[in-house]
Amino acid sequence: MTLAFTDSCTLTKPYSFAQKQTCKKLNISRNAKLFAMPNSFLSGLRVSVDSGWRGTVERPKPVAFAFQLQMNFAPGPRYKVAVLGCTGSVGQRFIQLLEDHPWFEVVAIGASSRSAGQRYSQACRWKQATPLPNYVRDMEIRECKASQFPDVDIVFSGLSNQVAGDIEEEFAAAGKAVFSNAKNHRMDPDVPILIPAVNASHTGLIDYQRLKRGWDKGFIVTNANCSTTAMCLGLKPILDRFGIEALIVTTMQAISGAGYPGLPSMDIIDNVVPFIGGEEPKMESESLKIFGQLDTEKIIPASIKVSAMCNRVHVLDGHTECVSLKLKTRATPDEIIHAIDHFPSFTRSLKLPSSPERDVIYTDWIDRPQPRLDRHTGNGFTVTVGRVRECSVLDMKLVLFGHNTIIGAAGGSIINAELCVSKGIIAQRAKGGAYAVSHK
Ligand SMILES: NC(=O)c1ccc[n+]([C@@H]2O[C@H](COP(=O)([O-])OP(=O)(O)OC[C@H]3O[C@@H](n4cnc5c(N)ncnc54)[C@H](OP(=O)(O)O)[C@@H]3O)[C@@H](O)[C@H]2O)c1
């Protein structure tokens, strides 16, 4: 059976909808229904449903008959999901981004035993700029044990590194698709570090992971460390077009990257801290895996020399990164900008619900990207590159920026899960408790 969130088709002959009827002929998914006015004759109409369950109809020219058409697509059952680490910086962002998500419904939340048993509004110190969503206000926080989450298919993890490793493994072994933000499993050879616009093919590791670990339905996919995600997305158009031999990156990372409550105010106000524990080695190793090639049972890392210097700065959200590059093929700044401007919008082409219009954009403002002005580009899912110019030591230098808790964390996990759904990788609990894996 096709799970077709984004199907479209063209009617090939006049087709009358004298009455309301399920639109089987169109192969539009699940509960989608097409309603038309009586005696409407529809020929050559292109009918499509987008990822947010909005229907559109295009009519050919010339129009043979006048018609009135009403479409009403009722969304099918959404995947039941849980957010672990729901009280933290990343967890709160999940709760915010998943409100009214067309494919995912948060039915359960988990955190430490300190928070378990409390209502979300009691346990969580909500720090997002939008109101605490009603759907979660009275939801009871559970302890992060897989046995307490029999009702979910997908688990989004914003768990702290100290506990994420074992808990995420337990959930995957219990049949859940786990999308992790923690570092613990990132460098496991059978676990992909996924950024759909960069390395969507790395989902190919999931079958092997299941086989190797004896998991029939569950699996773990991680996203990268937040500064690595911004860097890999921002550099991908350049890597594809010119190749990269070496790079030096200096980051200016936001406070929210350290979780909540994060650094004491006395340490960060009026200050820059030139040390973030473990961050530099993570940028240097994860980026090579992300840019690497899938080889059935592992990723062969890219051979690029990467040197990272990481700093915490007095900014709330969003990481800014200055990068110098040694290219494999020489290029002018204009050619680099052209490569970024023409980088295909991969996630949009798949019509994933969270996809921004562009995964990476170039800004020609001389003094940007800046956190305050660019963190909301593409709702936080777009990486912005600016200030491309020649470098007198290496070949080229630029500045890039990405939102650390959206594309760099919760948003990145959500789009990873959307990619896995669209590829038919995730099992969904059907009514009656049986699982049906969808194929596309
Ligand atoms: N912040 C970012 O920008 C960012 C970006 C990428 C990746 N990450 C990674 O994402 C993860 C979460 O980061 P964060 O910044 O959101 O951290 P955080 O604000 O410190 O939140 C940690 C969460 O883990 C929960 N937790 C702690 N101990 C637990 C236990 N023993 N059992 C179950 N839950 C427990 C906490 O629940 P309680 O409230 O009950 O203690 C809280 O919900 C980390 O692995 C981090 O490295 C963060």
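1. Is Gly218 buried or exposed? Gly218 counts as buried, because it has 25 C-beta neighbours inside 10 Å. The cut-offs: buried takes 20 or more other C-beta atoms within 10 Å of the residue's own, exposed 12 or fewer, partly exposed in between, with C-beta atoms placed from the backbone.

2. A word on the source. This is a predicted model: local features need pLDDT of at least 70, side-chain atom pairs count only at pLDDT 80 or more, and totals for chains, interfaces and linings use all residues. Numbering starts from 1 along each chain as its sequence is written.

3. The surroundings of Gly218. The residue sits in the loop between helix H6 (205–213) and E14. Helices (H or I, at least four residues) and strands (E, at least two) are DSSP runs, numbered from the N terminus. Leaving out residues up to four places away in sequence, Gly218 touches Phe171, Ala172, Ala173, Ala174, Gly175, Lys176, Ala177 and Val178. Contact means C-beta atoms, placed from the backbone, within 7 Å. Val178 is 40 residues from Gly218 in sequence, yet their C-alpha atoms are 7.3 Å apart.

4. The sheet. Six strands form an open sheet in the order E11-E10-E9-E12-E13-E14, with parallel pairing. Strand E11 (141–143) and strand E14 (219–222) are the edges, each pairing on one side only. From one strand to the next, the twist averages 30 degrees. Pairing requires at least two bridges found by DSSP. Strand E13 (residues 177–180) and E14 pair over four bridges; Ala177 has Phe219 as its bridge partner in E14.

5. The helix across the sheet. H13 lies across strand E9 (79–84), strand E12 (154–157), E13 and E14. H13 runs at about 150 degrees to E13. Axes are lines fitted to C-alpha atoms, for helices over the stretch in contact; angles run from 0 to 180 degrees between N-to-C directions.

6. The ligand. Domain 2 (79–223 + 412–437) and domain 3 (226–404) both give residues to the shell, so the ligand lies between them. The domain bounds come from an automatic or database assignment. Of the 31 residues around the ligand, Gly88, Val90, Ser112, Ser115 and Gly259 come nearest. A residue is near if its C-beta atom, placed from the backbone, lies within 6 Å. Helix H1 (89–97), helix H4 (161–173) and helix H13 (406–422) are the elements giving two or more residues to the shell.

7. The chain overall. The secondary structure comes to 13 helices and 24 strands. Of the 440 residues, 45% are buried.

Terms used: Two residues are in contact if their C-beta atoms, placed from the backbone, lie within 7 Å.
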